[in-house]
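The sequence and the model come first, and the notes follow.

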Amino acid sequence: MMENMKKNILIFMILGTVFMTQSCSDYLNKDADVNTTLSYQQIFSDVHLAPGFLDNIYTNMPDGFSRFNGAMLAAACDEAVCSDAGSPIQLFNNNAINSTTNPDDQWSNMYRGIRKCNMFLKELEPDGIITKTNSIPVVETVGTQVVNTRNYYKGQALFLRAFFHFELLKRYGNIFYVSKVIDPFNEEEVYSGTQLPYDQTVDSISNDCDSAAKYMPASYPDVSYDGRPISWTALALKSRLFLYAASPLNNTSNDLTKWKRAVDASKVIMDSKKYSLNTLSSIFTSLYNPEIIFADKAINRNDIETYNYPVSYQGLGLMNPTEDLVEAFGMGAVTYINRYLNYNPADPYGLKNTKKREDRFRYTIFYNTSRLVNLSNSKDTIVATYVGGKDGLFSTPTATKTGYYMSKFINTSIDLSKGTTSYRAWIYMRYSEILLNYAEALNEYDNTGANFTAIINALNLIRNRANLKPFDAADKALLQDQSQMRIYIKRERRLELAFEEHRFWDLRRWKDAETVLNQPVQGMKITIDDSGNYVYTLFNADTRVFDVKMYWYPIPRTEILKYRSAGKTIVQNPGWD
Amino acid sequence: MMTIKKKPGIIILSLFFLFSIFTYAQDNNPIKGRITDKSGNPVGNVVVSVLDEFTQVSSDISGDFSISAVPGKVLLFSKVGFQQLRYEIKDKTEINIQLEKQTREEVYQVAYGTRTKSTLTSAISTISADDLSKSPVTTLGNAIQGLGSGLTVLHSVGAEPGWDQPDIYIRGVQSFGSGVAPLVLVDNVERDFSQLDPEEIESFTILKDAAATVMYGMRGANGVILVTTKKGFVGKPVITLTAQYGTQSPTRLPQYVGSQDYVNYRNIALRNDYNKLSDSEFSSLFLSNPQNNPANYNGSNPSLYPNTNWYNSFLNPTAPQQTYNLSFRGGTEVAQYYVMLGAVDQKGLYNYTDENSGYSTQNDFSRYNFRSVVDVNVSKDLKIGVNLGGRVENRHVPNTSAGSIISALSKLPSTVPIFNADSSLAGSSIYKYNPYGMIAKTGFQDQYSFYLQGTTTFDLKLDVITKGLSANGLFGYDAAKFYTRYKNQSYAVYQQNQDNTYTQFGQSTSIDLNYGGSNSAFNLMLNYMCGLSYDRTFGVNHIAADLKYMQSSMSSDGDNPDYRNQGTFGRTTYTYDNRYTAEFGFAYNGSEDFASGKRFGFFPAISGAWVLSNEDFLKNNETLNFLKLRGSYGKVGNSNIGAGTRFPFEDKFYSGGGYYFGTATTDGSYEGRIANPNLTWEESLDGNIGLEIGLLKKLEIDIDVFSNNRTQIITDLSNTLPTLIGQDLPYVNDGSVLSQGFEIVLKHNNKIGDFSYTIQGNVSFAKNKITYEDEVAGMNPWEYRTGQAVMQQWGLQVAPGKFFKDQAEIDGWAKSSYGTLQPGDVKYVDQNHDGIINSEDYVPLGNPSIPEINYGLTLGCEYKGFDFNVLFTGIANRSLFMNNNVFWGMQDNNNITAQVAQNSWGISTNPSYPRLTTELNTNNYQPSSLWLKNVDYLRIQTLEIGYNLPKKILSKANINSVRFFINGYNLISFDGMSQYNLSAEIPNAGVTLYPETRVINIGTTLKF
């Protein structure tokens, strides 16, 4: 009896130990009360987080100010030299890009953005969580207005998907159009996509833009929506998309209907009267001004100044405009034909008389003796780029390598010694680009008759804003010639859109890169002679090398190898294999 | 908080108190006697106490003792290594006591139990508490290097007081996943040991093979460290007081050039940088500048043309540290106790720390440890133990990190003054900082932490059920609290211009009026363990078995779900006639990081030992007095995904990451890494064979050979799945690593007359190879990680000639993807002949970053009260890339060492380093064979000389023993880095990190 009881106790204890593990087998389940992460269901059924998922997608857009350790894409073409010899941007100029090394590789970042768009769009489907839980309502009343909130969000996702694919398209040409969420465990799905021909991708992007424009409103009910794309934003992207598609690089047969498509897409924006040209001084410092079609988020920053202020203002002085760009700026308040009237090479910036360069010059370039007008603290607001000057060539390792600094985007009220900041946004699209797109496409399509007038009118808007005289009869007579007009437009794009990540791509789509980017870029060495006068000497500031394979970025080598390892087809761009 | 400065006073007071207790005369008849061992040799240092009384003495070296006690009382004789003896006093006043050596060999700590030398079947190494106390370091992890086989102790940070924890690996790194750290337990509860006081440690054990770690199941594969704290014992209280005072001094600090040399070299660098200028242009632009004229730096105008030695100015040659601890240990049959109080204060090396009234900005690490352990025999069957340990730490530092301060010292050239002529703080547009400002004028921080570690255990004999059975339990309750408070300040620097005007950089503010607080955190951990034990001998058969269940839960403030562990584990050991032992251990445990169904795993291990020397054919062999062969094989796991990652089996979506629209930031939410509900643990099949040899009763040799095959490594498939999926890929179990190696331990003890000595050495070798990693086909053969060691170094191979001679050579060579080159830049091998030098040309270079060989050698001797002990440690087969300012000097206008300057291209005829540049150069400073150094070293890790005062002097004061000692840590290192004045172990120490230090320490230990 006693023995039995002992045994029973023993067995009970052993079983008890085992049983504890079993019965507590859910002990290791995550504590549901405390959450650091949310489930898929929670995100898309929450009235804040579901729209928040869309808002987060915008963070994947590439910021043109800071992608290359403070250097900008402008330093990879003939717009500027980056004074930091070790900057990754120099790889472009040394022809040292390949499928492993590409500082502007956006393959991963863009597809991350695209996945988010697709995930969001999936839940907007009729059987999606957003729809079922009404986490983003179909309609809302804001003030007195009824807004179609859910459609607005859907439109934004479609627009962003188009935007990301366009960013890929202009870089790689040969891309996968991804329109669904890919499950990494489903091999078939992972490899289901194929690279589309260029024109087919253009159509896919254009379709997404059209859909986006359909869902998004033409305007939002109040200022809290400022910065969000509207239907016109999506259509403006089409203007650029079609212009690129019609350009010589992608339109070898010069199919005029492609140019027509670009004309129409631009015309739509112009006819909308939605946008207008802002005053020159505040395009980049005034948030949400009427010229901006689409911009990155505004953040309170001074990194633009930290990287680019002339060195004596505690900046690094990284972006140094080339003499080539400087020379393209004509004199102020003149017609096109007369743009170099009274130009004096011994006084190129008009220091000694009132014959100064056109207004855009000083909003783009800091030159020797230019003034940082608003800089509040420093007693000395005169930029000194002459050799021996405080901002001059060789004064510090990152001092100008061309004799110039970039003044575009700069907010001169920022004093780095005090660490002041201001809200700025990188502008992706602004209205003057649309006008230039329109003029270029129409000039290529048909520059005769009423079309010529339309081109002239569009371009005059930009001239007017730059305080230049409208085209006179002599100008028009010259520009009647399509190729003369082409030269004008290319030059105008270069000046108007300098440093805004246009020329790098423009030179490619025009197929001009192999000539323009195979010659050295110039700088201006300024010295002071014995009588105290400035002496200006041109010099080769840097070399530029452009191999034709650079018309398209290489698809990352790792991606090529992954597809080939899996026995799938992937096409590398020409010259990179 | 009480500052340690007041401490000596308190200790002196307590000393008086103690003396007064023990000098209190006892006028009983003294009992005299002599203690010998079996062979008649006298045994000294035996603690002799009267049971249940306060009297206690110890025997001298001739074994003699004298103690006051009345007949009828019981005397207790205790000494480590001998069986405790009880002796009831009759009327004799002269007694002879014979102590028996502990017949069973040493007892080893294993997982949740102990084993004797014959019955130990697993591979473990132990470090004695005695050895730990020979190292005058405040962080315990630094004291274990070289003492245990299979152990790698690697410093990656400098010796900043309170922040000098090393990384520890057991048998190297065995996985290319993120979780490679061993499991550390203090008193069977997962806890950090690094800030324990060496005094409170009883044993330190490293569990290496599957048989040793199997009870930890899926947490055991990286090895386990068991730390056991002291307990009381039956006998008169032993009161131990130790006081130590030491100085820390930097081992090696870079030697930079003076200002005249610097200007010379800088002009050469500038000439390289502006090689497009003509000589006359260069001369008019640069050489005409008086700042660039070396002749001006002749000392005549020290504020404009200084020669600053930054290290000498800002680092003191020594910094003090003090350590005190006091412990009480003793007990009766009913209750035993151990109480310990410890205090440490360690100061930093900075100069200019008392520039402000009311506060110092000197580094000051203070730590107070306490432990009280009580074991009570509640009844003859029930024993309860309470072990409460805790500590309070404060790290007082300037409000600028050590890394920033030291980097500034390393980078600032000697041509920059500390102060300008007008005594303002100097700086310039290039150097907008000043170490004086950093140390004295950025405010200060106090980082407080508080830890409480409580363990309550019970042990209930269940002989009523069946003889040998008992039940046991453990309840652990730990709490930790962290808090940082700070006061901030900023400073301006001024550049003195040639025209004696000043340009200001930065802004000066006064120190914050109020404290700011941050990093407040709180942890609470609860541990439960209960189980059954069975231990019984039937004739020549011995059976021991354990079955336990454990669960633990740690709550942390903030949005952290509790961290939980759970498992059942057990072990059965059968020994026949002390010759054959067979053991089976298992664990069935789970990890919260895996989904239900993939969560729990079963991990078995078998092991056995055969003591050949107990067989007839070897019994009583005088030469080969011990021979044992053991082996183990088992499966253990690793559920460690790496810090910061939890619950990878479930969807990860986060709130946050909104965007700015209008005038406000919106809500945001985003997806994290994709989930894998099928993720499970890494598995390791570990085999180990050990041979233990004892020769002439004086020499022990232990040899272990192991082979561990880690599979199902937790990684992701980013190597092979397309990036267009658009998200971090899920963790999967994929990949394998094979680790193999051996350990040899030698121990030799001998005694010649009064002279006894010990030699102990160990060598560990561990090499691993990635046997499978998911990689794409079609890469260049040298790009595959499969086949390489986990921590293999990769870099560019420098081509013959090393540097480009001229532009023509550059034009004819592969282009660098690391910037525009000019003569004097590094020339790399274009491995794949694609005309571009880039990451595809990285090849495996040198050895892994974790040494494959670790060794230690202890030599100790004793002679008439004197003792001497030295520990040599070393590592081999380790390579590191040198990437600090000592090698990369002048770059970015930093200071430069003479060694590099003199051997640079364009200066030396046979250059070892590229051309000098003041700019940032990416090409020359890629990881490459140029910068890869073998960092093997052999050093005197610790050295101690001690002296015990003779008993005769002490007996009057009723002090049991007084020992004076002097010891040192990290005294000399023999390595290839001494020529650069850099530490071989931490080449960045003193350059970008707080310096490595050497400690010289004196102390005394009093026992009552």
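## A salt bridge between the chains

A:Arg112 and B:Asp728 join their side chains in a salt bridge, with N and O 2.5 Å apart. A salt bridge here is a side-chain nitrogen of Lys or Arg within 4 Å of a carboxyl oxygen of Asp or Glu. Across the interface of chain A and chain B the rule finds 5 salt bridges.

The model is predicted: local features need pLDDT of at least 70 and side-chain atom pairs count only at pLDDT 80 or more, while totals for chains, interfaces and linings use all residues. Residues are numbered from 1 along each chain as its sequence is written, chains are lettered from A and ligands numbered from 1 in the order in which they are written, and side-chain values use heavy atoms, with hydrogens and water left out.

## The interface of chain A and chain B

In this model, 84 residues of chain A are in contact with 98 residues of chain B, where contact means heavy atoms within 4.5 Å. The two chains bury about 7,800 Å² between them, and carbon and sulfur atoms give 60% of that area. A:Tyr27, A:Leu28 and A:Phe394 supply 10% of the area that chain A buries against chain B, more than any other three residues. Buried area is the accessible area (1.4 Å probe) that two parts lose on being put together, summed over both.

Between chain A and chain B, 29 residue pairs are in polar contact, with both residues at pLDDT 80 or more. The elements of chain A that give two or more residues to the side touching chain B are α1 (2-23), α2 (40-45), α3 (49-57), α5 (107-124) and α21 (557-565). The largest share of that side, 9 residues, comes from α1(A). By class, the side of chain A that touches chain B has 40 nonpolar, 28 polar and 16 charged residues. In this scheme Ala, Val, Leu, Ile, Met, Phe, Trp, Tyr, Cys and Pro are nonpolar, Asp, Glu, Lys and Arg are charged, and the others, Gly among them, are polar.

## Chain A as a whole

Chain A has 21 helices and 12 strands. Helices (H or I, at least four residues) and strands (E, at least two) are DSSP runs, numbered from the N terminus. Its C-alpha atoms fill a box of roughly 125 × 55 × 55 Å, taken along the principal axes.

Of the 577 residues of chain A, 60% count as buried. Buried means under 20% relative accessible area, exposed over 50%, and partly exposed in between (1.4 Å probe, protein chains only). Among contacts in chain A between residues at least 6 apart in sequence, 70% join residues at least 24 apart.

## Two buried residues with polar contacts

B:Asn838 sits in the loop between β46 (836-837) and β47 (843-845) of chain B, and its relative accessibility is 0%, so the residue counts as buried. Its side chain makes a polar contact of 2.9 Å with the side chain of A:Asn98. A polar contact is a pair of N or O atoms within 3.5 Å; within protein, one must be able to donate a hydrogen and the other to accept it, and residues adjacent in sequence count only if both atoms are side-chain atoms. Leaving out residues up to four places away in sequence, B:Asn838 touches A:Asn98, A:Thr100, A:Thr101, B:Leu796, B:Ser817 and B:Tyr818.

A:Arg240 belongs to helix α10 (residues 231-246) of chain A and is buried, at 5% relative accessibility. The side chains of A:Arg240 and A:Glu433 are joined by a polar contact of 2.9 Å.

## Salt bridges within the chains

Over all chains the structure holds 87 salt bridges. One of them pairs the side chains of A:Arg509 and A:Glu440 (2.8 Å, N to O). A:Arg509 lies in helix α19 (residues 503-509) and A:Glu440 in helix α15 (residues 431-445) of chain A, so the pair ties together parts that are 69 residues apart in sequence. A:Arg509 is buried at 1% relative accessibility, and A:Glu440 is buried at 4%.

In chain B, B:Glu743 forms a salt bridge with B:Lys208, their closest N and O atoms being 2.8 Å apart. B:Glu743 lies in strand β40 (residues 736-752) and B:Lys208 in the loop between β15 (201-207) and α3 (210-213), so this pair ties together parts that are 535 residues apart in sequence. B:Glu743 is buried at 2% relative accessibility, and B:Lys208 is buried at 4%.
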